[in-house]
Amino acid sequence: MAWKLEVFDGPIPDHWEGIAHGKKTFLGWPQWPSIPPPPARKNPTSYGTVQTSAAEKLELVTPLADENEVGLEGVRLRLTVWAYKPLREVTATLEVEGGRNFITIARVDAWPVDPHINPVTRRKIGLSALPSKIDGHHVHRFGDNAKLGISAFAPYGNLPIAASIPDALHSFRDFLRTVSKEFRIKGLEQLDPPDWQVLI
Amino acid sequence: MALFAPRSIMIIAEEVARALVHCITSNETAHLSLPLVYPGGSMVGVEISKLRDGFLVSDAGGARREAGLLGGERAFKRIAPEIAERFGVRFDHNMIFDLDVPENDLVSAVIAVANAAKTAVENTAVHLASIEHADYRAHLWERLERAYGPRALAKKHKFKGSSDLWEFDAAIRLPDHLTLFELVVPNANAVNSAVTKFLDVRDLGNAAPKRVAVLTNIKTTPHLPVLGRTARILAVDASDDDYRKAA
């Protein structure tokens, strides 16, 4: 029988570090999905009928390739944004195939609304220089989280260690530049931004 | 004499209390970051919006977004309604919320929405791990079948303990006795759940069947001594010989 659960047992798979730190490119020219139309107006104060189009998300997922543009099997980049909230909680995740799902091995969070809290265990694994609280752009690096072991990559871990991003980010292109640098994905900054709308 | 008197614990505590909640306001909406964290370390956020009558308190879709980052958005949508109900709030397909909240109920509404959001994401993470639990269970059944034969094996066996009816991952029925097997993954919730089942069965006294906790990772399983007092411990990757001795 195929043995599935080792992915969160034992050591971190060797190839993850290579994926995280190796030079990469993206395949094709990924396009953002179209924004779902706002729902027809209802009485906003009727219990249980709250309008929620403000919480609609958009995701762009693209497979990645190595620096020679040879596809990396089961490696992808995912960008997640709010459809109606430009430049607010914009996230990029570097994901690898594992078990039945994809596992996030690095993440960049830009314009977060809520601060990030680093776990107290960071002090025991040589990351005491990282702040306990980050109120602003931050990156969950593979190398930092790997110091916690495989549990940092499990769903209940979800990359708990993050570091501040010192760069000032003023635009979606700035965000893509940062992701390109952190994830080592060449040419990423040329992707188009989503066709953000603003709810009135 | 010291030039500066040491700061009192009250002043320090007040500073900590102020830092525990973070607040941003714009127009008729306020966003509170509360001292609860999602898996991954983001503080749980709750929005308060002024409506014509009362307030809307919601997670603004934050819990669903966090679950999506875990790869568990579909599972979250199944889990969240029940969790929201438990906390006395509601869930539509995007948000956990409470509507028409009077001003003097805002504190309890914010606490309810925040805890529902955090719990729903945490339960989604546990669910994602338990999907893989199914793989272990298939493996356990295969090993038990090999050791005892298909006729002795009962999959997902229901057994009435001293107080409640429980489902165990497997049971082996031999001519003179029954043995119950329960898989335990290395987290506190899984151990607590197994201990509860085993204790209730043990309370049957002499009529209690044998009990085996099958651990997917002995090294990282918490509360092992407690588990070991209620059941025999077996590693899921133990030898066929160990499996044969277990029942």
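These questions and answers concern a predicted model and the reasons behind some of its labels.

Q: Why is A:Asn158 called buried?
A: Buried means under 20% relative accessible area. A:Asn158 has 5% relative accessibility, so A:Asn158 counts as buried. The residue lies in the loop between α2 (142–146) and β9 (163–164) of chain A, and A:Asn158 has a positive phi of about 55° although it is not a glycine.

Q: What makes B:Asn27 exposed?
A: The label requires a relative accessible area over 50%. B:Asn27 has 81%, and is therefore exposed. B:Asn27 sits in the loop between β1 (22–26) and β2 (29–37) of chain B. Its phi is positive, about 50°, although B:Asn27 is not a glycine.

Q: Why is B:Val16 called partly exposed?
A: The relative accessible area of B:Val16 is 45%, so B:Val16 is partly exposed. B:Val16 belongs to helix α1 (residues 9–20) of chain B. Together with B:Ile9, B:Met10, B:Ile12, B:Leu20 and B:Val21, B:Val16 makes a nonpolar surface patch of about 550 Å².

Q: What makes the pair B:Glu73 and A:Lys57 a salt bridge?
A: The nitrogen must be within 4 Å of a carboxyl oxygen. In this pair the closest N and O atoms are 2.7 Å apart, so the pair meets the cut-off. The count between chain A and chain B is two salt bridges.

Q: How much area do chain A and chain B bury between them?
A: About 4100 Å² is buried, 53% of it on carbon and sulfur atoms. The contact takes 46 residues from chain A and 51 residues from chain B.

Note on methods: Residues numbered from 1 in each chain as written. Chains lettered and ligands numbered in written order. Predicted model: local features only at pLDDT ≥ 70, side-chain atom pairs only at ≥ 80, totals over all residues. Heavy atoms only, no water. Patch = residues over 30% accessible without salt bridge, like charges linked within 9 Å, V, L, I, M, F, W, Y side chains within 5 Å. Areas by Shrake-Rupley, 256 points an atom, 1.4 Å probe, with all protein chains shown as cover. Salt bridge = Lys/Arg side-chain N within 4 Å of Asp/Glu carboxyl O. Helix = DSSP H or I, 4+ residues; strand = E, 2+ residues; numbered from the N terminus. Buried < 20%, exposed > 50% of the residue type's maximum accessible area, 1.4 Å probe, protein only. Contact = heavy atoms within 4.5 Å. Buried area = accessible area lost by both parts, 1.4 Å probe.
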